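Please keep the sequence and the coordinates in view while reading.

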Amino acid sequence: MIEEQPIANAQSGDKDAFKALYEKHSASVFRVCMRLLYRRALAEEATQEVFVKVWQQLPNFDGHSKLATWIYRIAVNTAIDLLRKNRMSEAELPNSEMIQEPIGGVLGEEEMLISTKLLKL
């Protein structure tokens, strides 16, 4: 198979071979991340994380599946992890110090919801 030698070279630490794999697969990884995350900055962050993980785990790639399939799975899992992390952060917003109490007392439920949505903009 044509792709086997660059994979083997990248597995042994050849940075040029890894760069070639990155160039071949980065656009499709970014598209997967965009479909799951909807925000360019998050998709770029996820894409970067994916290739860090690919570099770290490449020696364990056994070739039972295509490299593209293996990378795709890492991309999906990374994007899902990032979604979970961001949803947890958003869930914590109402308790954040960024939402100030009005002078007259505690924020009501509706004001809390509005403040939370404004902070997300």
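A contact means that heavy atoms lie within 4.5 Å. Val50 has such contacts with Val29, Ile71, Ile74, Ala75 and Thr78, when residues up to four places away in sequence are not counted.

**Basis of the report**

This is a predicted model, in which local features need pLDDT of at least 70 and side-chain atom pairs count only at pLDDT 80 or more, whereas totals for chains, interfaces and linings use all residues. Residues are numbered from 1 along each chain as its sequence is written, and side-chain values use heavy atoms, with hydrogens and water left out.

**Confidence**

The term pLDDT denotes the predictor's confidence in each residue, from 0 to 100. The protein has a mean pLDDT of 79, and 69% of its residues reach 70 or more. Among the elements, helix 3 has the highest mean pLDDT (96), and helix 5 (residues 109-120) has the lowest (54). The pLDDT is below 50 over residues 93-107, a stretch that has 18 contacts in the model beyond near neighbours in sequence. Where pLDDT is low, the predicted coordinates should not be read in detail.

**Overall architecture**

Helices (H or I, at least four residues) and strands (E, at least two) are DSSP runs, numbered from the N terminus. The protein has five helices and zero strands, and from the N terminus on its elements run α-α-α-α-α. Of the contacts with a separation of 6 or more, 52% are accounted for by residues 24 or more positions apart.

A residue is called buried under 20% relative accessible area, exposed over 50%, and partly exposed in between (1.4 Å probe, protein chains only). Of the 121 residues in the protein, 29% are buried.

**The nonpolar core**

A nonpolar core is a set of buried Ala, Val, Leu, Ile, Met, Phe, Trp, Tyr and Cys residues joined through side-chain atoms within 4.5 Å. The largest one has 25 residues, and those with the most contacts inside it are Val50, Val54, Leu58, Leu67 and Trp70. Two or more residues are given to this core by each of helix 1 (4-11), helix 2, helix 3 and helix 4 (67-92). The most comes from helix 4, which gives eight residues.

**Helix 3**

Helix 3 has 18 residues, which at 1.5 Å a residue should span 26 Å; its end C-alpha atoms are 25 Å apart, which agrees. The expected span used here is 1.5 Å times one less than the number of residues. The buried residues in helix 3 are Leu42, Ala43, Ala46, Thr47, Val50, Phe51 and Val54. They cover an arc of only 165° around the axis, which puts them on the same side of helix 3; the arc is that of the directions from the helix axis to the C-beta atoms. On the face turned away from this buried side, helix 3 carries the exposed residues Ala41, Gln48 and Gln56.

**Individual residues**

The table gives the relative accessibility of several residues.

| Residue | Relative accessibility | Class |
|---|---|---|
| Thr47 | 7% | buried |
| Phe18 | 12% | buried |
| Asn86 | 18% | buried |
| Trp55 | 33% | partly exposed |
| Tyr38 | 68% | exposed |

Not counting residues up to four places away in sequence, Thr47 touches Ser26, Val29, Phe30 and Cys33. Asn86 lies in helix 4, and on the same terms Asn86 touches Arg39 and Leu42.

Most residues other than glycine have a negative phi. Tyr38, although not a glycine, has a positive phi of about 65°; Tyr38 is found in the loop between helix 2 and helix 3.

**Aromatic pairs**

Rings of Phe, Tyr and Trp (its six-membered ring) pair if their centres lie within 6.5 Å; planes under 30 degrees apart count as stacked, over 60 as edge-to-face and the rest as tilted. By this rule the count comes to four aromatic pairs. The rings of Phe18 and Trp55 have centres 4.9 Å apart and planes at 75°, so this pair is edge-to-face. The pair links distant parts of the chain, with Phe18 in helix 2 (residues 15-37) and Trp55 in helix 3 (residues 40-57), 37 residues apart. Phe61 and Trp70 form a tilted pair, 5.1 Å centre to centre with 50° between the planes, and both of these residues are buried. Ring pairs also link Phe18, Tyr22, Phe51 and Trp55 into a cluster.
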